[in-house]
Amino acid sequence: MADLNVGDQVPELRVTPDKYLPHRYAGASGDFNPIHIDDELAKAVGLPRNILHGLYSMGLVAKANAALADGDPRALKRLSVQMRGMGVPEQEIVVTGTVKSADGNRVVVDTVAAQGETALIKNAEAELEL
Amino acid sequence: MPIKTDAVGKEWPGSTYQVGREKIKEYANALGIDNPVHHDVEAAHAVGFRDVVAPPMFAVVYSSPAVAPAILDPEVELNFAAMVHGGQEFVWDEPACSGDEITTSSKCLSIEEKDGKGFYVFETNSVNQDGAQVARGTWTLIVRGV
């Protein structure tokens with residue numbers, strides 16, 4: 001996989017988080033902010049429903065980039081993201097990425113995670129050593 | 001009222017997290033990461049890890065406990081109820097494996113007001129039991145209506 005060139009695509013990752021994913025991610029991460037796990041409370045504070053954790057979406061971006069190194073957890077050296085739109089359960093997330101620079105075994109990938117027209121993660125820059 | 005910036009530069013002492021196999025597995029399962037190095041100690045040994053290894057973004061699990069005292073510090077005066085997580089960066093060095101004891105300290109890098117929003121930036125620095133750098137995080141928290 002080391003022969004990557006500018007413009008190459010990261011294998012597309014498609015995931016549909018089920019209704020209970022925010023609960024499982026809350027348990028795994030320790031982030032029990034009720035806007036993620038309590039639908040009624042989320043609506044009471046003006047959200048459409050309980051929303052995904054931004055760091056869950058960032059985790060999917062990391063996973064998509066790790067695929068360039070066959071999942072080797074040592075490959076990802078840096079990941080910088082902006083969290084923008086709100087993600088919701090039960091809608092497909094699509095993670096796409098494009099290599100924007102390649103210098104020897106170091107590549108930088110520009111990645112986006114989106115649900116339909118809503119970008120959840122944008123301006124994501126992943127630096128990998130392959 | 002201008003945003004309060006007294007806490008810029010303030011540091012908070014480290015909190016220590018012990019990494020465990022089942023916790024790594026739980027995190028990997030939540031993300032649907034099935035690489036056996038995150039689930040099975042023999043698979044991890046086979047490719048040179050001392051134990052089951054955490055996916056990179058497991059950094060959230062061991063470093064976020066160090067962010068809590070910073071954002072809840074009265075000197076920071078951050079309105080938690082109006083906060084959203086606007087940006088995040090991690091830089092990784094030594095992989096985190098089961099059995100590691102990772103100590104994370106935090107620091108307030110900047111507090112700025114832009115377009116009626118407060119931008120609070122914190123840094124976390126995580127080192128393992130051998131003193132090796134594991135991860136450095138930059139957390140950008142945005143508060144509406146400051």
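Helices here are DSSP runs of type H or I with at least four residues, numbered from the N terminus, and the model to which they are assigned is a predicted one.

Begin by selecting helix H1 of chain B, residues 21-31, and colour its buried residues, which are Lys23(B), Ile24(B), Tyr27(B), Ala28(B), Ala30(B) and Leu31(B). These residues lie on the same side of H1(B), because the arc they cover around the axis is only 160°. As background, an α-helix has 3.6 residues a turn, so residues three or four places apart point the same way.

Step next to Gly32(B), which follows H1(B) and has a positive phi, near 70°.

Now return to the buried residues of H1(B) and display what covers them: the cover includes helix H1 (21-29) and helix H4 (54-66) of chain A, together with helix H3 (59-63) of chain B.

How many residues does each chain bring to the contact? Chain A gives 26 residues and chain B gives 24 residues. On the side of chain A that touches chain B, the elements giving two or more residues are H1, H4 and strand E2 (76-83) of chain A, and the largest share, 8 residues, comes from E2(A). Coloured by class, that side of chain A shows 12 nonpolar, 8 polar and 6 charged residues.

Finally, select E2(A) along with strand E2 of chain B, residues 83-92, and follow their antiparallel pairing over 5 bridges. Within this pairing, centre the view on Ser80(A), which stands opposite Glu89(B) in E2(B).

Definitions and conventions: Residues are numbered from 1 along each chain as its sequence is written. Chains are lettered from A and ligands numbered from 1 in the order in which they are written. This is a predicted model: local features need pLDDT of at least 70, side-chain atom pairs count only at pLDDT 80 or more; totals for chains, interfaces and linings use all residues. A residue is buried if 20 or more other C-beta atoms lie within 10 Å of its own, exposed if 12 or fewer, and partly exposed in between; C-beta atoms are placed from the backbone. The arc is that of the directions from the helix axis to the C-beta atoms. Two residues are in contact if their C-beta atoms, placed from the backbone, lie within 7 Å. Ala, Val, Leu, Ile, Met, Phe, Trp, Tyr, Cys and Pro count as nonpolar, Asp, Glu, Lys and Arg as charged, and the others, Gly among them, as polar. Two strands pair if DSSP finds at least two bridges between them.
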